[in-house]
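Good morning, colleagues. Please take a moment with the sequence and the structure on the screen before I go through the sheet and the cores.

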Amino acid sequence: MESNPKSEIRNPQMQHPPVLLREAVDLLAPHPGGIYADGTLGAGGHAAEILKRSSPDGILIGMDQDPEAIERSRVSLAAYSDRVHIRHGNFRELARVLSGLGYEKVDGVLLDLGVSWFHLKTPERGFSFQLDGPLDMRMDTGRPQTAADLVNNFSRDELARIIREFGEERRAGAIARAIEKARARRPITRTVQLAEIVSSVFPPNPPRRTHPATLTFQALRIAVNDELGALREGVNALIPLLSPGGRIAVISFHSLEDRAVKQAFAAMARGCICPPKLPVCSCGKKPTLKILTQPPIIAGPEELERNPAARSAKLRAAEKLA
């Protein structure tokens, strides 16, 4: 008998292995008495390890923009309830949350980006092209705009731009034209409906390693949730919140995220930006970060065997300079 994905996903005890758990927490180097922030709580796997290693008095501030993730983490982190503060919101809002709790600085920040296993396995959230559900894709269900709104109301050129820019999809123009033609007949409201429209653009043979709609769904999800905007703004806002010697670790799952993190870290690790021919520095720019991962860390064979979803994960970390 086939199980009900919805009932599985709403079960807080359902196992969702955190990606690069040991590597990410090793880089954060949590210690007793430290204050840490997990900006993407999810199921609470990374947060639990941080709390464990910062025992007996380390503090964790956990945030997630998904209300369901907040409820799951409250259950999974119940054993640490006296040392954890859980708040609903995007990690770009961490400064406001810290201020409300009476903290100014943290000793470490962790971000585990991208869509979670729970999102993909919950049809009614609309993230999966394999499970039929409403075309939603909102991480925060309080956001006003769904993927269906984009697909049915944006111009063909704007859809092509989104799919090309956020999905790096070479057939973006053809996909946008197919969407425009299909929505003229009837609104596009279901995930499988959209997946079939996108698939129609691709030749049936040879078989593809990934589903034809993969990059289009990625692009729409990024647009709906302003993921790259939040990442760029968030990383720049998080670094000033680190204490000297504090660390930030970011796990990304596609090239756009990884590139944004790499560029942000590189910019803050760079000192003088004066022209090379200038004999004396006049800009006064000092590096604020030391990069700890060069190149980024990826999952090893053992983790990939346990959790194939880790295959695209890249971990970058940096340390705040005094």
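Contact here means heavy atoms within 4.5 Å, and angles between axes run from 0 to 180 degrees between N-to-C directions. Please bear in mind that this is a predicted model.

With those terms in place, consider helix H4, residues 67–76, which lies across E2 and E3 and runs at about 165 degrees to E3.

Both of those strands belong to an open sheet of seven strands, ordered E3-E2-E1-E4-E5-E7-E6, with mixed pairing. Strand E3 (84–88) and strand E6 (289–291) are at the edges with a single partner strand each, so one side of each has no neighbour in the sheet. From one strand to the next, the twist averages 15 degrees.

Let me turn to one pairing in detail. Strand E1, residues 35–38, and strand E2, residues 59–64, run parallel and are joined by four bridges. Within this pairing, Tyr36 has Leu60 in E2 as its bridge partner.

I now come to the nonpolar cores. The largest has 35 residues, of which Leu135, Ile179, Ile188 and Leu194 touch the most other members. Two or more residues come from each of helices H7 (147–153), H8 (156–167), H9 (172–185), H10 (191–199) and H11 (214–225). H9 supplies the largest share, six residues.

Which residues does Leu135 touch, leaving aside those up to four places away in sequence? They are Thr146, Ala147, Ala148, Val151, Ile188, Thr189, Arg190, Thr191 and Leu194.

Finally, there is a second, separate core of 29 residues, among them Ile35, Val97, Leu111 and Ile239. Thank you.

Key: Residues are numbered from 1 along each chain as its sequence is written. This is a predicted model: local features need pLDDT of at least 70, side-chain atom pairs count only at pLDDT 80 or more; totals for chains, interfaces and linings use all residues. Side-chain values use heavy atoms; hydrogens and water are left out. Two strands pair if DSSP finds at least two bridges between them. A nonpolar core is a set of buried Ala, Val, Leu, Ile, Met, Phe, Trp, Tyr and Cys residues joined through side-chain atoms within 4.5 Å. Buried means under 20% relative accessible area, exposed over 50%, partly exposed in between (1.4 Å probe, protein chains only).
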